[in-house]
Amino acid sequence: MAFELAAADSSELPAFTAGSHIDLYLPGGMTRQYSLRNDPIERHRYCIGVLREAAGRGGSAYMHDRLKVGVTLETSQPRNAFELEEQAPFSVLLAGGIGITPILSMAHRLSALGRDFAFHYCARGMSRMAFRDEMLASAFTGKVHFHLDDGPAEQKLDLPALLSRRRPGAHLYACGPAGFLDAVIAAASNAWPPEAVHREYFANAGRILASKDRSFLVTLSSDGRSFEVAPGRSIVDVLGENGVEIQVSCEQGICGTCVTRVISGVPDHRDLVLTDKQHADRMTPCCSRALTDELVLDL
Ligand code: FES
């Protein structure tokens, strides 16, 4: 379902960049992240798309079944953990399923900038393809290729063929289910350097805190206090109990809200938002743990 959010007093909304998301604060204390899919030039609305998740935690069911036109909802400011390299001479945009939303915003932006790009949108079937009419009516319709899992073989996306070469300076963006993103990353691994591959997951199945995890100490660099993080607990939980609040949103390593600098120790990174380079000195304490007995954090 598509939703359009506007300020209650019709004022301009805070600006956003392509690839941004907002947190929506829903009744019952639910916070959900949704990517903005419209052209960042628009300041009068935030457009989001919400897929009904049959096995979801209630956010999408609320949005589909109970949210009515005219209801007031609170949102966060837009944040971007999936930024577009606007100067790149060529971009490849890949969307799987509802992963179309941030990619669509990127297509609007690249089109407005007059940049060259190719846009591939994969879905299980025609009924699962969102915003197709909008894409067909857009200024970039000639750059869009649709691929259906249940369609003829010749229209299916051949990722290894598409990503076996990279035009000089090109960047690649992908958003979709984990299996789709894993396939994109594998297909791009030979020809594309990591810094040119950008991806956004919308769930992190690997972040589950397992009881076989071991305890470690987390130390605050500001005052030297240390706390033990036992198996099954997160750094954010333990610090929160001790009066050290870290802002969180997704709590599963996909949004980047909680990113904290690591002074010493080796994190056991379980996020899907930071790059390998960023992992050198940063971590997501909402879900990541430690490989060493102690982590000293810049807190
Ligand atoms: S709260 Fe989203 S990455 Fe930690």
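# Buried, exposed and core residues

Author: Leaving aside residues up to four places away in sequence, His279 touches His269, Asp271 and Leu274. The model in which these contacts occur is a predicted one.

Reader: What makes a residue count as touching His279?

Author: A contact means heavy atoms within 4.5 Å, so His269, Asp271 and Leu274 each have a heavy atom within that distance of one in His279.

Reader: Where does His279 lie?

Author: His279 is in the loop that runs between strand 14 (267-268) and strand 15 (282-283).

Reader: Why is His279 called buried?

Author: Its relative accessibility is 18%. Buried means under 20%, so His279 counts as buried.

Reader: Why is Lys212 called exposed?

Author: Lys212 has a relative accessible area of 75%. The term exposed applies over 50%, and therefore Lys212 is exposed. Lys212 sits in the loop between strand 10 (197-200) and strand 11 (216-220).

Reader: How far apart in space are Lys212 and Pro231?

Author: From C-alpha to C-alpha they are 6.8 Å apart, while 19 residues separate them in sequence.

Reader: Is Ser10 buried or exposed, and how do you know?

Author: The relative accessibility of Ser10 is 67%. That value is over 50%, so Ser10 counts as exposed.

Reader: What is the phi of Phe131?

Author: Phe131 also has a positive phi, of about 60 degrees, although it is not a glycine. Phe131 is in the loop between strand 7 and helix 3 (132-136).

Reader: Is Phe131 buried or exposed, and why?

Author: Phe131 has 15% relative accessibility. Because this is under 20%, Phe131 counts as buried.

Reader: What makes a group of residues a nonpolar core?

Author: Its members are buried nonpolar residues, such as Leu, Ile, Phe and Met, joined through side-chain atoms within 4.5 Å. The largest such core here has 24 residues, and Leu93, Ile103, Phe119 and Met135 have the most contacts inside it.

Reader: Which elements each supply at least two residues of this core?

Author: They are strand 6 (90-96), helix 2 (100-113), strand 7 (116-123), strand 8 (144-148) and strand 9 (171-175). Helix 2 gives the most, with six residues.

Reader: Which residues does Met135 touch?

Author: Not counting residues up to four places away in sequence, Met135 touches Ile100, Leu104, Phe119, Tyr121, Ala130, Phe140, Thr141, Val144 and Phe146. Apart from this core lies another, of 23 residues, including Cys122, Leu163, Ala187 and Val197.

Reader: How do you know whether the protein chain agrees with a compact globule?

Author: For 299 residues, a compact globule would have a radius of gyration near 19 Å. The protein chain has 20 Å, which agrees. Its C-alpha atoms fill a box of roughly 60 × 50 × 35 Å along the principal axes.

Reader: What share of the 299 residues is buried?

Author: Buried residues are 47% of the protein chain.

Reader: How many helices and strands does the protein chain have?

Author: There are six helices and 17 strands. Of the contacts between residues at least 6 apart in sequence, 65% join residues at least 24 apart.

How values were computed. Residues are numbered from 1 along each chain as its sequence is written. This is a predicted model: local features need pLDDT of at least 70, side-chain atom pairs count only at pLDDT 80 or more; totals for chains, interfaces and linings use all residues. Side-chain values use heavy atoms; hydrogens and water are left out. Helices (H or I, at least four residues) and strands (E, at least two) are DSSP runs, numbered from the N terminus. The radius of gyration is taken over C-alpha atoms; the globule rule is 2.2 Å times the number of residues to the power 0.38. Buried means under 20% relative accessible area, exposed over 50%, partly exposed in between (1.4 Å probe, protein chains only).
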